[in-house]
Structures are given as structure tokens and as C-alpha cells.
Amino acid sequence: MNDDVKSLLNRFSSRPSRRAILQGLAAIGASAATLDPLARALAQASDEEVKSITVLTQGGPVVDVLREFAEPMFAKEVPDTAVELEVSSNSVTYPKMIATRDDPIVAGGMFNDLFSARGIVDKLWTPLEYENMPNAEAVPEEIRADDGFTKIFQQTPYGIMYNPDKVEKPTSWNDLYKPEYKGRVSMWASNFDAYAMAGVAAGKGFSVAAGIEAWVPHKQNIGAWVTSPVAEEDLVARGEMWLAPHWGAWAEQARASGKNVAFTIPEEGGTLWSNHACCVTGMSPKKTQLTQAYLNTWFAEEIQREWLSRTFISPAVGTVEIPEELLSNPAVVTPEEAAKLYRLPAAELASDFKRYNTMITRQLQS
């Protein structure tokens, strides 16, 4: 049995009945070229019953709301299909989804602007139909994704998180360069919002490349490179780092849990981060329909309100009103305030992801 055939069989190691079909054909000498179309057909074959779907989600109170509200809501409509929640980050799970795209292990989930755009470039998503997701029609047109493959269901501003015992509230993105903050700023290598806003503050426009260049003379201020929002919040709360470009909702969740952090949007403005619902291609029509039916619960007013009250994530559904006590919170934005924030050109960044990462590695991390 050649390596190509073995590779095909490995894709179906967790699907005994389908794997057995391929093994039988391989045993009588079928080639990889013959088996590959059959493997794809088997991956998309319609099951009479879809017993479960696996959906990617973020952790913390975001997933708590899904378990308490979305799962019962879905179970009431589809009692015979269980939802398995994969609690992980986009950066960890996305490569696995690409590797298993011929036999998807994750049916869909929540993806940020960058990874939702990368999924379009990589042809990983299947179109989302309003027929399966009627709740999503309540999202105002001005914040809808117009690509046909993703739908925005959450949003939050991106600004600066800081330790109020260590520094005064920053008023500009250029404050991160202050000499007294040497070694006290935490940054992400692949979080391009901070660099785009550095470009704005430098008078170079909303440009990731210009922002990376603007950081070069001040790179000694970067004391930590992180890949986890919780780790970054802990660093700032403990006073090991003093400031960090960060998401408003996550900074406020940390503050509400007792961590010593605060959040602000500098005078140059901030970016608007969005979370998109996405559904992978390569599944049976039935499984696709059920996955989108589950994603539809995320747009229900009840769930949008719970996320707002528990996580400070601003609703995407236009019919959800923001309570008076949250209107003054810098991490919560009304649709009018959201419209004034910058939006990353996600499709462009998805194509230039490696180039920008290389620039950051060579110019800031070396």
C-alpha cells in the first residue's frame, strides 16, 4: 500500500464504516487517484441521522452562555442532535480544520475577523443561508459581512488595557512609547489592530506596515509577547506589564473578576473587533443545515443580552438595547459609536498574514 493510500485511510481513522470501505478497495489494489473522489463523496454522504455536531467556541462566560441558553434552545427544536463545544482559540484550531477539511472534525463556530477572512481565502466555509439562520436578519446592514460566508454576531472595541496603579490613563497610542514604560508593554505578534492604530497615531494612516515601522524605535518598551488574552490580563493585573493593546470586552471581564486593569480608547480612536459565525464546507447537506440552525441561536435576543450583561460584548443584533448603566462603559459601544471605529481590511490581512508576521519577527522581535 503506497503512502498516498495510507494518507487517505488516516483521514477516516475515526470513521470505521467509511474507513472499511476504503480499506477494502485499497486491498484489491485501488490507487489513491481512484480512492480520493470516493473519499470526498463519503465525507459528504448524507447520514439518516446526525447524532452530534462539534462547534468551536471561546471559553469563559462566552461558552457559559452557550451552555445555559443556546444548547437548550437548540435541543428544543432538534432533540436528537447533540452539540459538542470545542473550547479553544482560532489560532490553535484553524490549522487542524485545514488539515481535516476532507472529513471535517469541527462543523463551524466563532472566528474573528482575520480567521473568518482566511477561511474564505482557503475556501473552508460554506455559504450561510438566512433560511437556516433567520435570527441573523436582525443584524443591521452596516455591520453585516457582505461575503456570503460569515455573519457577525459579536463586536467590541479594541484599545488599551492598563494597570491604574502603575500608569495614568493613556490618551494616545503614542503613550505606549514613553521611555518610562521600557519593558512594560505587552504585545501580540499576530494581532494587527495595534500596529494599524500605531500607523494612525504616526500620521501614516490606517496601515499595519506603517505601524510596525513606527514601533521599531520603541521596541525596547515591549517586555512580553503573548498569545493569550487571559495571560496578558494577568501580566498587567499583577504589574509585571503595565499596558497592552487589548479588547474592551475582555479587559472588562478581567476587571469585573477582580483583576486590577482598566480599559480606554485613545484619542486617535480604536478598531472594532467582530466575531463571525462560520460553517465549514465538506459536510452532508443535513449536517450543514443543522450546524447553521445551531449558529442561528447565537443571534437570538436573549443570548445577545446575556453576552452583553455577562461579558460586556456589544450586541450585533440591532433590536437589543444597551442598558443605561453600560452606556458609559468604554468597552461597550452603541451601533453609532461602533460606526466611528476603524475596521481592519480582513481579506487583505488574510492574504498578507505571513508577510506582516515576518516583518514583526524581523523588525520587532529580533
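## Basis of the description

Two strands are taken to pair if DSSP finds at least two bridges between them. Helices (H or I, at least four residues) and strands (E, at least two) are DSSP runs numbered from the N terminus. The model is predicted, and local features need pLDDT of at least 70, side-chain atom pairs count only at pLDDT 80 or more, and totals for chains, interfaces and linings use all residues. Residues are numbered from 1 along each chain as its sequence is written, and side-chain values use heavy atoms, with hydrogens and water left out.

## Overall architecture

The protein chain contains 14 helices and 10 strands. Of its 366 residues, 52% count as buried (under 20% relative accessible area; exposed is over 50% and partly exposed in between, with a 1.4 Å probe and protein chains only). Among contacts (heavy atoms within 4.5 Å) in the protein chain with a separation of 6 or more, 75% involve residues 24 or more positions apart.

## A parallel strand pair and its crossover

Strand 1 (residues 52-57) and strand 2 (residues 82-87) run parallel and are joined by 6 bridges. Within this pairing, threonine 54 has glutamate 84 of strand 2 as its bridge partner.

Together with helix 4 (residues 60-77), strands 1 and 2 make a right-handed β-α-β unit. A crossover is right-handed if, with the strands pointing away from the viewer, the path from the first strand over the helix to the second runs clockwise.

## The largest pocket

The largest pocket holds about 910 Å³ of space. Its lining comprises 39 residues, of which Ser89, Asn112, Trp188, Pro229 and Trp247 are the closest to its centre. Elements that give two or more residues to this lining include helix 4, helix 5 (90-99), strand 6 (222-226) and strand 9 (271-279). Helix 14 gives the most, with 4 residues. The lining residues divide into 20 nonpolar, 15 polar and 4 charged (Ala, Val, Leu, Ile, Met, Phe, Trp, Tyr, Cys and Pro count as nonpolar, Asp, Glu, Lys and Arg as charged, and the others, Gly among them, as polar).

On a 1 Å grid over the protein atoms alone, a pocket is an open set of points with protein on both sides within 12 Å along at least five of seven lines, whereas a cavity is a set of points where a 1.4 Å probe fits but cannot get out; lining residues have an atom within 4 Å of a point. Grid points are joined across faces, edges and corners, and a volume is the space filled by probe spheres set on the points.

Helix 8 (208-215) is mostly covered, with 6 of its 8 residues buried. These are Val208, Ala210, Gly211, Ile212, Ala214 and Trp215, and they pack against strand 5 (185-188), helix 7 (193-201), strand 6 and helix 14.

Asparagine 221 lies in the loop between helix 8 and strand 6. This residue is buried, with a relative accessible area of 1%. Not counting residues up to four places away in sequence, asparagine 221 touches residues including Tyr177, Arg184, Val185 and Trp215.

## Loop residues with positive phi

Lysine 123, in the loop between helix 6 and strand 4 (150-162), has a phi near 55 degrees, a positive value in a residue other than glycine. Lysine 123 is exposed, at 63% relative accessible area. Phenylalanine 312 also is not a glycine and has a positive phi, of about 65 degrees. Phenylalanine 312 lies between helix 12 (301-311) and strand 10 (314-315) and counts as buried at 10% relative accessibility.
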